[in-house]
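Please look over the sequence and the structure shown here before reading on. The report that follows takes up a few parts of the model in turn.

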Amino acid sequence: MTDCTTPRKRLLIRTWGCQMNVYDSARMADVLAPLGYAPTEVAEEADMVILNTCHIREKATEKVFSDLGRLREAKQAKGGDMVIAVAGCVAQAEGAEITARAPWVDIVLGPQSYHRLPEMVARASRAAGAVIETEFPPEDKFDHLPETTTAQGVTAFLTVQEGCDKFCSFCVVPYTRGSEYSRPVAAILAEAKRLVALGAREITLLGQNVNAWHGEGPDGGAWTLGRLLRALAEIPRLARLRYTTSHPRDMDEDLIAAHGDTPAIMPFLHLPVQSGSDRVLKMMNRQHTADDYRRLVERLRAARPDLALSTDIIAGHPGESDADHAATMALIRDVGFAQAFSFKYSARPGTPASTMARQVAEPVKDARLADIQALLRDQQTAFNRSRAGLLADVLVTGPGRHPGQMAGRTPWLNPVHFDGPADLAGQVVPVRILAGHPNSLTGALAAPRHAEPRERPAA
C-alpha cells in the first residue's frame, strides 16, 4: 500500500486480443499498484506504458511497432522519463526483434512473467538496455500475484487455465503460453469470492483451452470443470457463470451435464470448430471430425435445449479446396450459430501451417471468407430476431447510449437496451424482448423490481 504522501505515478495499459489478455492487464495493474501507479488513458501523461499484445492475427507485430513509434515521441517529450514495456504473446514470440527495432523499449515480458513486473521496473531503472523476461519461469505466477483488489464491474474474468497441448497447425499458443496448466480449486474459489465482493454478478472463466482444466481439489484429487462450475454456482450473489475458450475434444459428459443441471451456467457456449472439412481438420491437427462436432452439439442441446452456440472459422487454411470450403458452409448451415468469429488464414511464424505446401491465394481466401461471413451474419440476425417476444432475464451492466436507457446481457450474451432507472445496474431483471437487430436487442422492463427474478432460460 502507498500512503497519502507517496507521489502518484500514472500507468497506461493498452490491451489487444483475447479476454485473457484483458484479465492479465488487470492483474498487471494490481501488481504495480503498490509501487504507486494509478491508471490513466493519456499516453503523454503516463510514467509507464504497457502494450499487452496478441500474436494471433495477421500483422500483429507491425501494429505493435506502429504504436511504439508514437510512444517514442511521447517519451522524448518527457525527457525520457517514461517506462515503456511490451507484454503478452508478441513479446514472447518477438522479444529480440522488439529490442533491436525499438531500443527505447525498457521492458519485454512474456505472459508468464508479469508477476515479476516490480522487480523488472527496478532493474530497468538501473539497466543500460532493455530488461527481457520471456522464459517460462519455474514458479507459478499465480502464487506470486497480489489478491484482486480492483473491481472489474458487474461482469468479471477469472483465469483458471493457461496454455495448450493440442498444437493445432495454425496456432501460436503452445509456443507463447506454454503447456497446459490448471489452477487449484481453492485459489479459484477464493478469487471468485473476492470478485463477487467487489460487485461481480457474472464471472467468465478463462483459459486457452478452458475445458481441459483439471485443477487440484481440497482432497488432493483432480476436479472436472463441470464440478468446479457447480461449486462456483454456490457462491452467494454470483448469478451467472460462463467459460471460454473450449476445445471440442475436452467437452466431457460431466461438463455437458452441468449445462443441464446448473442454472447459473448460461446457455451460451463458444465452441470453435475451425473447419467443416475432415481433410482440413486433420491437417489442422484438430483431433475431431465434422460429424464429431455435430454429434457433440446434439448432446449439448439435449442437455440444454435453449443453448446458443458461437464458434471460430478459418477460411483458406493451406491445402483447402473448393470442396473443403463447401463442407465448411454445410456445417455452418447444419449447426446454426448465434455468433461467430471468422478469419482468413494468416501464417504465424514457427507454426506447422506456415511452411505447408499449397498456400491458398489471397483473393481465394477473401472470397471464401466473404461467403462464410455472409452466412454467419444471416444466422446471427435470425437468432436475434427469434428472441422477439421472449421474457428474458437480463443482467444490467450499466447505462445505455441514450438518456434514461439501460444496457445489459441476456443469458445468450445478446446485448439488450431498454428504458429504466440507473439503480438497476448489477441486478438481474425481467425484460420483454421487443425486437432483434443484427447486433443487439431492444426490450422493455417487464415487472416491478421489488423481487429480483430467479435466473431462468426464456422459453
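Predicted model: local features only at pLDDT ≥ 70, side-chain atom pairs only at ≥ 80, totals over all residues.

In general, the strands of a sheet pair through backbone hydrogen bonds, in either a parallel or an antiparallel manner.

The two strands belong to an open sheet of 3 strands, which has the order β7-β10-β11 and parallel pairing. β7 (155-159) and β11 (240-244) stand at the edges with a single partner strand each, so one side of each of them has no neighbour in the sheet. On average, and with direction ignored, neighbouring strands of this sheet are turned by 25° against each other.

## Helices across the sheet

Two helices may be viewed together with these strands. Helix α1 lies across β7, β10 and β11, and runs at about 90° to β7, while helix α6, formed by residues 185-197, lies across β7 and β10 and runs at about 165° to β7.

## The buried face of α4

Helix α4 spans residues 117-126, and its buried residues are Leu117, Met120, Val121 and Ala124. Seen down the axis of α4, these buried residues fall within an arc of 105°, and they therefore line one face of the helix. As a general rule, an α-helix has 3.6 residues a turn, so residues three or four places apart point the same way.

The buried residues of α4 pack against α1 (19-32) and against the strands β2 (37-39), β3 (48-53), β5 (107-109) and β6 (131-133). On the face of α4 that is turned away from its buried side, the exposed residues are Ser125 and Arg126.

## The pair α7 and α8

Helix α7 (residues 225-232) and helix α8 (residues 253-261) pack with their axes 7 Å apart and at an angle of about 30°, and the two helices are therefore roughly parallel to each other. In this contact, Leu225, Gly226, Arg227, Leu229 and Arg230 of α7 meet Asp254, Leu255, Ala257, Ala258 and Asp261 of α8. The residues of the contact divide into 5 nonpolar, 1 polar and 4 charged.

## His417 in β17

His417 is found in strand β17, which covers residues 415-419. With a relative accessible area of 18%, His417 is buried, since buried here means under 20%. When residues up to four places away in sequence are not counted, His417 touches Gly400, Gln405, Met406, Ala407, Ser440, Leu441, Thr442 and Gly443.

How values were computed: Residues numbered from 1 in each chain as written. Heavy atoms only, no water. Helix = DSSP H or I, 4+ residues; strand = E, 2+ residues; numbered from the N terminus. Buried < 20%, exposed > 50% of the residue type's maximum accessible area, 1.4 Å probe, protein only. Contact = heavy atoms within 4.5 Å. Arc of directions from axis to C-beta. Axes fitted to C-alpha atoms, helices over the stretch in contact; angles between N-to-C directions. Parallel < 35°, antiparallel > 145°, perpendicular 65-115°, else oblique. Nonpolar A, V, L, I, M, F, W, Y, C, P; charged D, E, K, R; others polar. Pairing = 2+ DSSP bridges.
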